[in-house]
Amino acid sequence: MIDLLVSLLRGVPATLLVTFGAFAVGAIAAVPLVLMRRSRWLLLSMPARIYIDVVRGIPPIVWLFIIFFGLGSGVIVLSSYQAAILGMGLVSTAYLAEIYRGGFLALSKGQREASTALGMTRLDTLRYILAPQVLRVSVPPMATFLVSLLKDTTVASTIGVRDVMMYASQQAQGGGGSFMPFIFAALLYIALSIPVVVLARAVDERLRSRGQAK
Amino acid sequence: MSEMLANWLDWSPQLFQGVLVSLQLAGLALLFGLPIGLVLALASSSGNRLVRYFAVVLVEIGRGAPALVVLQMVYYGLPASGMTVSAFTSGVIALALTTGAYTSEILRAGLNAVPHCEIEAGLALGMTRRDILRFVVIPQGILFAIPALMGFAILIFQATALTYTIAIPELLARAYRVGAATYLYLDVLILAGLFYLAITVPFGWLVSYTERRLGSHLG
């Protein structure tokens, strides 16, 4: 029992590396993407829209295969970790851009109008007025996404990332097959997601109280 | 370029067979998973505390466990506990369990969206609790939940790609097999991606259309 748990724990660093790596890639790359998506110029908004639909329409495991086996066979060779972070990061970009977009839609129009009335430039309005508020309303859905990303990174095991999932199936195959390694893995994934949920709630509460205490 | 298109034409029939397997998996997962979801939704808003807690714990574990973990658990676990099932059957079982856990929350939200006054009206008419549930709450609750359920159907269709790991000949498995035989991984995997898009994108449009349609006259 303890042996089993210990052997699964060896996969935790890889799981966390891929999850947070991909989340970081997505959180940053989604910023230009959402700005393009919201642009009035079709030449900017159309490609962003297509990117988001295409990325979200193809299963994450297929993206990993395209990057690892597809690009890997001749174009650019990546380690399984690099491919996993890049692939899951690609997926995260599309989902997080939509989350940010939801944040923009939640803002009242008066915010932009007021800053225009104050003579602020568009860039300053975005930096000091809109972006902080968008970030604030985006925290809860971002946390939800992070938890689902944590679970989706299990597919990285199929391209050779030594994560919790990989050790669980190794244990099951080695032990002639049983439920136990996977029950432990499931509980481990649930346990890993708890701190994210708690942290997100704390961040959300702090941002909320700061918004009210003026 | 023309060589790639010729290859694509060559591979398309095989991959199309894979699409059919993926659609079957998704369809069966929904067919068996949705009733599980409805039962869990009703149980998790039950008046009996024991039933409620039990359902909530089941749902949280089902939603917290990654789909790939559930899939492999069923595939490696069932034979070890003495049951012989095909890979396809274990794929359906695993995806149906995941469907049940996820859709129970969607359905619960739908059931909760039914205005309370309609239940009161039913009581005033002398309907039994059971009849109110059957004729008033469940039909409307499911109607409210339809757009979200359709969105979930796209996700479960995408999740069928995971069954590649248990050797079900669905779309991804077939594409990978072609890749292994020809070494043209990139070309065939891109084609597989296009096949996924050919299903998910139009269905996504249908979801937003339904959302608008139902939203307009359900308010």
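Which helix of chain B holds both B:Arg108 and B:Glu105? Keep that question in mind; the answer comes at the second stop. The model on screen is predicted.

**Stop 1: chain B as a whole**

Select chain B and colour it by secondary structure. You will find eight helices and zero strands. Follow the chain along its sequence and the pattern reads α-α-α-α-α-α-α-α. Chain B has 219 residues, and 46% of them count as buried.

Now colour by confidence. The mean pLDDT of chain B is 91. In this chain, 98% of the residues reach 70 or more. Which element of chain B has the lowest mean pLDDT? That is helix 8, residues 185-218, with a mean of 89. Helix 4 of chain B has the highest, at 94. For the complex, the predictor gives an ipTM of 0.90 and a pTM of 0.90.

**Stop 2: helix 4 of chain B**

Select residues 87-112 of chain B. This is helix 4, and it holds both B:Arg108 and B:Glu105. The two residues are three apart, about one turn of the helix. Show their side chains. They meet in a salt bridge, with 3.2 Å from N to O.

Check how open each partner is. B:Arg108 has a relative accessible area of 27%, so it counts as partly exposed. B:Glu105 is partly exposed too, at 22%.

**Stop 3: the salt bridges of chain A**

Over all chains, the structure holds three salt bridges. Move to chain A and select A:Arg37 and A:Glu98. They form a salt bridge, and their closest N and O atoms are 4.0 Å apart. This pair links distant parts of the chain. A:Arg37 sits in helix 2, residues 12-37, while A:Glu98 sits in helix 5, residues 80-106.

Is A:Arg37 buried or exposed? It is buried, because its relative accessible area is 17% and the cut-off for buried is under 20%.

A:Glu98 and A:Arg101 are three residues apart in helix 5 of chain A, so about one helical turn separates them. A:Arg101 counts as partly exposed, at 22% relative accessibility.

For comparison, glance back at chain B, where B:Arg108 and B:Glu105 share helix 4. In chain A, shared partners join A:Arg37, A:Glu98 and A:Arg101 into one network.

**Stop 4: a positive patch on chain A**

Switch to a surface view. Select A:Arg38, A:Arg40, A:Arg112 and A:Arg122. These residues gather in a patch of positive charge on the surface. Zoom in on A:Arg122. It is found in helix 7 of chain A, residues 122-152. Its relative accessible area is 59%, so A:Arg122 is exposed.

**Stop 5: a nonpolar patch on chain A**

Stay with the surface. Select A:Met1, A:Ile2, A:Val6, A:Met180, A:Ile183 and A:Leu187. Together they make a nonpolar surface patch of about 580 Å².

Which helices each supply at least two residues of this patch? They are helix 1 (2-9) and helix 9 (180-212) of chain A. The largest share, three residues, comes from helix 9. A:Ile183 lies in this helix. Its relative accessible area is 33%, so A:Ile183 counts as partly exposed.

**Stop 6: two loop residues in chain B**

Return to chain B for the backbone. Most residues other than glycine have a negative phi. Select B:Ala167. It is not a glycine, yet its phi is positive, about 65°. Look for it in the loop between helix 6 (129-159) and helix 7 (171-182) of chain B. B:Ala167 counts as exposed, at 59% relative accessibility.

Go on to B:Tyr183. Where is B:Tyr183 placed? It is in the loop between helix 7 and helix 8 of chain B. B:Tyr183 also has a positive phi of about 65° without being a glycine. With a relative accessible area of 63%, B:Tyr183 is exposed.

Terms used: Residues are numbered from 1 along each chain as its sequence is written. Chains are lettered from A and ligands numbered from 1 in the order in which they are written. This is a predicted model: local features need pLDDT of at least 70, side-chain atom pairs count only at pLDDT 80 or more; totals for chains, interfaces and linings use all residues. Side-chain values use heavy atoms; hydrogens and water are left out. Patches are made of residues with over 30% relative accessible area and no salt bridge: like charges are joined within 9 Å, nonpolar side chains (Val, Leu, Ile, Met, Phe, Trp, Tyr) within 5 Å. Accessible areas come from the Shrake-Rupley method with a 1.4 Å probe; for residues, only the protein chains shown count as cover. A salt bridge is a side-chain nitrogen of Lys or Arg within 4 Å of a carboxyl oxygen of Asp or Glu. Lys and Arg count as positive and Asp and Glu as negative; His and the chain ends are not counted. The place of a charge is taken as NZ of Lys, CZ of Arg, CG of Asp or CD of Glu. Helices (H or I, at least four residues) and strands (E, at least two) are DSSP runs, numbered from the N terminus. Buried means under 20% relative accessible area, exposed over 50%, partly exposed in between (1.4 Å probe, protein chains only). pLDDT is the predictor's confidence in each residue, from 0 to 100.
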